[in-house]
Amino acid sequence: MEKEEQLIQACLQKDRNAQRKLYQAYAGRMLVVCSRYTQNTAEAEDVLQEAFIKIFQNLDKFRGESSLGAWIKRIVINVAINHIRAQQHFQGMSDVQEYENQFTDGLTSIEGIHFQDLLEMIRKLPKGCQSVFNLYAIEGYQHKEIAEMLNITEGTSKSQYARARAILQSQLSVNS
């Protein structure tokens, strides 16, 4: 931890080598996070770059209440959400009930599916579905929180998630 604190202090003093070390330590993992919210690698890299600019601009606000990695991930997710908001790709859905009976939990498995294949399936989701799926299923946010983050209703969050699950389930059954 002391080494991490020294790295943060050096970054705060605009030490380019320290900034490069911090970037190299987290960029790979954070690119994976960005990839889940974007349609392609170039877009993910743009979001990552924007996130690191914010990270360096706000590093003085890191208080150590969580790990540095968790703090960085939170900023990356927020930048990705802002990127999504700017694009506003949410389709209005009538009601989540229309999807409820389509789920056959336990009958579709992701076992044996390569991470890259799963990432491509998620990337092919409509943008709104992709965002809600990532925030709910992967990041662990609740629909109420997602609705607030994305400026949508809780019902839209639920229906986007249901639609994403239905699409992914269909893709998994085709691939198995």
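Mentor: Start with a term. Helices are DSSP runs of H or I with at least four residues, numbered from the N terminus. Keep in mind that this is a predicted model.

Trainee: Where does Lys 14 lie?
Mentor: Lys 14 sits in the loop between helix 1 and helix 2.

Trainee: Is Lys 14 buried or exposed?
Mentor: Exposed means over 50% relative accessible area. Lys 14 has 59%, so it is exposed.

Trainee: What should I look for in its backbone?
Mentor: Look at phi. Most residues other than glycine have a negative phi. Lys 14 is not a glycine, yet its phi is positive, at about 65°. Asn 151 is not a glycine either, and has a positive phi of about 55°. Asn 151 belongs to the loop between helix 8 and helix 9 (154-175). With a relative accessibility of 60%, Asn 151 counts as exposed.

Trainee: How many helices and strands does the chain have?
Mentor: Nine helices and zero strands. Read from the N terminus, the elements go α-α-α-α-α-α-α-α-α.

Trainee: What share of the chain is buried?
Mentor: Of the 176 residues, 41% are buried. Contacts give another view. Take those between residues at least 6 apart in sequence: 71% join residues at least 24 apart.

Trainee: Now helix 2. Where is its kink centred?
Mentor: On Ala 27. The kink in helix 2 (residues 16-37) is about 50°. Ala 27 is also one of the buried residues of helix 2. Others include Leu 22, Tyr 26, Met 30 and Val 33.

Trainee: Which helices do the buried residues of helix 2 pack against?
Mentor: They pack against helix 1 (2-12), helix 3, helix 4 (68-87), helix 6 (115-123) and helix 7 (127-138).

Trainee: Which residue caps the N-terminal end of helix 2?
Mentor: Asp 15 does. One of its side-chain oxygens is 2.9 Å from the backbone nitrogen of Asn 17.

Trainee: Let me try Glu 43. Where is its place?
Mentor: Glu 43 is in helix 3 (residues 41-58).

Trainee: Is Glu 43 buried or exposed?
Mentor: The cut-off for buried is under 20%. Glu 43 has a relative accessible area of 14%, so it is buried. Next, check its partners. Its side chain makes a polar contact with the side chain of His 83, at 2.5 Å. Leaving aside residues up to four places away in sequence, Glu 43 touches Thr 38, His 83, Gln 87 and Lys 127.

Trainee: How do I describe two packed helices?
Mentor: Give the angle between their axes and the distance between the axes. Helix 7 makes the contact through Ser 131, Val 132, Leu 135 and Tyr 136, and helix 8 through His 143, Ile 146, Met 149 and Leu 150.

Trainee: How far apart are the C-alpha atoms of His 143 and Lys 158?
Mentor: They are separated by 6.4 Å, while the residues are 15 apart along the chain. Lys 158 is part of helix 9. Lys 158 is partly exposed, with a relative accessible area of 35%.

Terms used: Residues are numbered from 1 along each chain as its sequence is written. This is a predicted model: local features need pLDDT of at least 70, side-chain atom pairs count only at pLDDT 80 or more; totals for chains, interfaces and linings use all residues. Side-chain values use heavy atoms; hydrogens and water are left out. Helices (H or I, at least four residues) and strands (E, at least two) are DSSP runs, numbered from the N terminus. Buried means under 20% relative accessible area, exposed over 50%, partly exposed in between (1.4 Å probe, protein chains only). A polar contact is a pair of N or O atoms within 3.5 Å; within protein, one must be able to donate a hydrogen and the other to accept it, and residues adjacent in sequence count only if both atoms are side-chain atoms. Contact means heavy atoms within 4.5 Å. The bend at a residue is the angle between axes fitted to the seven residues ending there and the seven starting there.
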